[in-house]
Every structure is written in structure tokens, then in C-alpha cells.
Amino acid sequence: VEHYPSHLHIDLLSDVQGRGEGRRLLDRLHDALADAGSPGVHLGVSSANERAIGFYRAVGYTELFGSDAGFLFGRSL
């Protein structure tokens, strides 16, 4: 994670998922991290959370590491 030193953890209640709230939160976080000089951000996702995996890929995260237990994703800022 050398190129993605910032760490992200986000949980949205199911009743607000799919309405763009997660994307807006990430946009704001990405902007703030970039303004603070961070070159990138990383996060972990359980392999069972297919919806989150698809979401992170859709917003520009790439898989850095994967196993049966989960994935580590990163995104350059």
C-alpha cells in the first residue's frame, strides 16, 4: 500500500445504498485527501460482499491483492 497510504473504511445502511450517497462521500474524501497531499487511498473488502466489490471497481479502485477471505483495493488520487 506504499502508493496508497490513506485508508478508507465506510459502512452505509442498506436503506441508503444505491442512491449515490457512497459515491458523494468518496468524492468528498478523495478531494480532501488529495488536497492534503495523499497520493492514494486503500481499503479492504470481504470476498462475500460482491455489491461493494462492484461499487469500488466502478468508482476507480483496482484490486491490489485478493484471496478467498477478501480483497485489498487501491486508488490513486
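Analyst: A crossing is left-handed if the near helix is turned anticlockwise from the far one by less than a right angle, and right-handed if it is turned clockwise. Keep in mind that this is a predicted model.

User: Which hand is the crossing of α1 and α2 here?
Analyst: α1 and α2 cross in the right-handed sense.

User: At what angle do the axes of α1 and α2 cross, and within what distance do they come?
Analyst: The axes of α1 (residues 21–35) and α2 cross at roughly 45° and come within 11 Å. Angles under 35 degrees count as roughly parallel and 65 to 115 as roughly perpendicular, so α1 and α2 are oblique to each other.

User: Which residues meet there?
Analyst: From α1, Gly-22, Arg-23 and Leu-26 meet Phe-55, Tyr-56 and Ala-58 of α2. The residues of this contact divide into four nonpolar, one polar and one charged.

User: Stepping back, how many helices and strands does the chain have?
Analyst: The chain has two helices and four strands. Starting at the N terminus, the elements run β-α-β-α-β-β.

User: In what order do the strands sit in the sheet?
Analyst: The order is β1-β2-β4-β3, in an open sheet with mixed pairing. β1 (6–7) and β3 (62–66) are at the edges with a single partner strand each, so one side of each has no neighbour in the sheet.

User: Where does α2 pack?
Analyst: α2 (residues 50–58) packs on the sheet and touches β2 (40–46), β3 and β4. The direction of α2 makes about 160° with that of β2.

User: What joins β3 to β4?
Analyst: A hairpin joins β3 to β4 through three residues. β3 and β4 (residues 70–76) pair antiparallel over four bridges. In that pairing, Thr-62 stands opposite Gly-74 and Phe-65 stands opposite Leu-72.

User: And how many bridges join β2 to β4?
Analyst: Seven bridges join β2 to β4, and these strands run antiparallel. Val-41 stands opposite Arg-75 in β4.

User: What holds paired strands together in general?
Analyst: Strands of a sheet pair through backbone hydrogen bonds, either parallel or antiparallel.

User: Last topic, overall size. What radius of gyration does the chain have?
Analyst: The chain has a radius of gyration of 12 Å. With 77 residues, a compact globule would have one near 11 Å, so the chain agrees with that. Along the principal axes, the C-alpha atoms fill a box of roughly 30 × 30 × 15 Å.

Terms used. Residues are numbered from 1 along each chain as its sequence is written. This is a predicted model: local features need pLDDT of at least 70, side-chain atom pairs count only at pLDDT 80 or more; totals for chains, interfaces and linings use all residues. Side-chain values use heavy atoms; hydrogens and water are left out. Two strands pair if DSSP finds at least two bridges between them. Contact means heavy atoms within 4.5 Å. Axes are lines fitted to C-alpha atoms, for helices over the stretch in contact, and angles run from 0 to 180 degrees between N-to-C directions. Angles under 35 degrees count as roughly parallel, over 145 as roughly antiparallel, 65 to 115 as roughly perpendicular and the rest as oblique. Ala, Val, Leu, Ile, Met, Phe, Trp, Tyr, Cys and Pro count as nonpolar, Asp, Glu, Lys and Arg as charged, and the others, Gly among them, as polar. The radius of gyration is taken over C-alpha atoms; the globule rule is 2.2 Å times the number of residues to the power 0.38.
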